[in-house]
Amino acid sequence: MKHLMRAIIALALVTLAACTNTGPATSPTTAPAQGSSEITIGLVISTLNNPFFVTLRDGAQRAADAAGVKLTIVDAQDDSAKMIAGIEDLITKKVNALIINPTDSDAVVPAIQKANEAGIPVFTVDRGANGGTVVSHIASDNVAGGRMAAEFLCKALGGKGKVVELQGIAGTSAARDRGQGFNEYMSTSCQGVEIVAQQTADFNRDRGLRVFENILQAQPEINGVFAHNDEMILGAIQAAEAAGRSGIIFVGFDAIDDATKAVQEGKLAATVAQQPALMGQTAVETVVKYLKGDKVDASIPVPLSLVTK
């Protein structure tokens, strides 16, 4: 009888232990709660040395704060190697999604493919990528913006004259598309205008100044200038003022604060406005929407407008 009682007690203890044991941590992985701070979005920006991208970042941050998600920002400083390293670091940290503003549309592809392999959804903003799987691209229609600038400059010149094009960083979709729109319009709808120089100034104000200084020395007659962004056109205006060259019509792209001020002062004839804050905001909102399980469009345009005095 004693042996039977001991057996019953032992069996009861084993059963109780089995019922209370939680076992190893094998609970299924679930997506972070919608709108919770557990969601982390990586934002990789080409450079924060450009006011346009600072405004884009600020718009993204405000949207992240409003949605209650964490935004981790990487400044690639216009260096593709730093951009790739930054993306790989965010992959290692297992962010929930990536928003990338490429320094180079080709160079960024392997990093996007690594994110794809890690199961991290990728979105691009302002500048696109030439490969990898991208859920959605949020940007202005840069080809249309280039045409808009060309049409304005053509009319301002009366359909004839000598024009310079200051190009952005080679390999970026923004430089390619803005240049495409500008040159297509000039070649088909403004054939009285001659493009006498096309040089890259890397979207940088100092480079714009130095490059245009050299062009001024080589070209005794220049009637108009289009630059792929405002930083370069503002540098070109400085160069022209220093050289005492007047009567040149300048057109930029981005509508940063310094450019809109230059428009009001009459130094800059026009600039194409992209709304970078709205671009950053839309990018974050699109990511949050996607992470909630909603469908998003593969291409999301942000409206353009022309700023003149």
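User: By class, what residues are in the lining of the largest cavity?
Analyst: The lining of the largest cavity has four nonpolar, three polar and four charged residues. Please note that this is a predicted model.

User: And which residues are they, by name?
Analyst: The largest cavity is lined by N50, F52, F53, D126, R127, A174, R178, F203, N229, D254 and Q274.

User: What volume does the largest cavity have?
Analyst: Its volume is about 60 Å³. The count of cavities of 30 Å³ or more comes to one.

User: How does one find such empty space in general?
Analyst: A probe the size of a water molecule is rolled over the atoms, and this shows where empty space is left.

User: Let us stay with the lining. Are F52 and F53 buried or exposed?
Analyst: F52 counts as buried because its relative accessibility is 1%, below the 20% cut-off. F53 is also buried, with a relative accessible area of 3%.

User: How many aromatic pairs are there?
Analyst: The count comes to four aromatic pairs. One of them is formed by F52 and F53. Their ring centres are 5.1 Å apart and the planes stand at 90°, an edge-to-face arrangement.

User: What about F182 and F226: why is that pair called stacked?
Analyst: The ring centres of F182 and F226 are 4.6 Å apart and their planes are at 20°, so the pair counts as stacked. The cut-off for stacked rings is under 30 degrees between the planes.

User: Where in the chain do F182 and F226 lie?
Analyst: F182 is in helix α6, while F226 is in strand β8, residues 224-227. The pair therefore ties together parts that are 44 residues apart in sequence. Both F182 and F226 are buried.

User: Back to R178 from the lining. Where does its charged end sit?
Analyst: The charged end of R178 sits over the ring of F253, at 4.0 Å from the ring centre.

User: What is the phi of Q275?
Analyst: The phi of Q275 is near 60°, a positive value in a residue other than glycine. Q275 is placed in the loop between β10 (270-273) and α10 (276-291). At 37% relative accessibility, Q275 counts as partly exposed.

User: New topic. How many helices and strands does the chain have?
Analyst: The chain has 10 helices and 12 strands. Of its 309 residues, 46% count as buried.

User: Among contacts between residues at least 6 apart in sequence, how many join residues at least 24 apart?
Analyst: Of those contacts, 73% join residues at least 24 apart.

User: Where is T172 found, and what does T172 touch?
Analyst: T172 is found in the loop between β6 (161-167) and α6. Not counting residues up to four places away in sequence, T172 touches T103, S105, R127 and F203. T172 and P102 are 70 residues apart in sequence, and their C-alpha atoms are 7.3 Å apart in space. T172 is buried, with a relative accessible area of 2%.

User: Last one. Which helix does R147 lie in, and what does R147 touch?
Analyst: R147 lies in helix α5, residues 142-156. Beyond residues up to four places away in sequence, R147 touches G181, F182, E184 and Y185. From C-alpha to C-alpha, R147 and G181 are 4.5 Å apart, and in sequence they are 34 residues apart. R147 is partly exposed, with a relative accessible area of 35%.

Conventions:
Residues are numbered from 1 along each chain as its sequence is written. This is a predicted model: local features need pLDDT of at least 70, side-chain atom pairs count only at pLDDT 80 or more; totals for chains, interfaces and linings use all residues. Side-chain values use heavy atoms; hydrogens and water are left out. On a 1 Å grid over the protein atoms alone, a cavity is a set of points where a 1.4 Å probe fits but cannot get out, and a pocket is an open set with protein on both sides within 12 Å along at least five of seven lines; lining residues have an atom within 4 Å of a point. Grid points are joined across faces, edges and corners, and a volume is the space filled by probe spheres set on the points. Ala, Val, Leu, Ile, Met, Phe, Trp, Tyr, Cys and Pro count as nonpolar, Asp, Glu, Lys and Arg as charged, and the others, Gly among them, as polar. Rings of Phe, Tyr and Trp (its six-membered ring) pair if their centres lie within 6.5 Å; planes under 30 degrees apart count as stacked, over 60 as edge-to-face and the rest as tilted. Buried means under 20% relative accessible area, exposed over 50%, partly exposed in between (1.4 Å probe, protein chains only). Helices (H or I, at least four residues) and strands (E, at least two) are DSSP runs, numbered from the N terminus. A charge sits over a ring if NZ of Lys or CZ of Arg is within 6 Å of the ring centre and within 35 degrees of the ring normal. Contact means heavy atoms within 4.5 Å.
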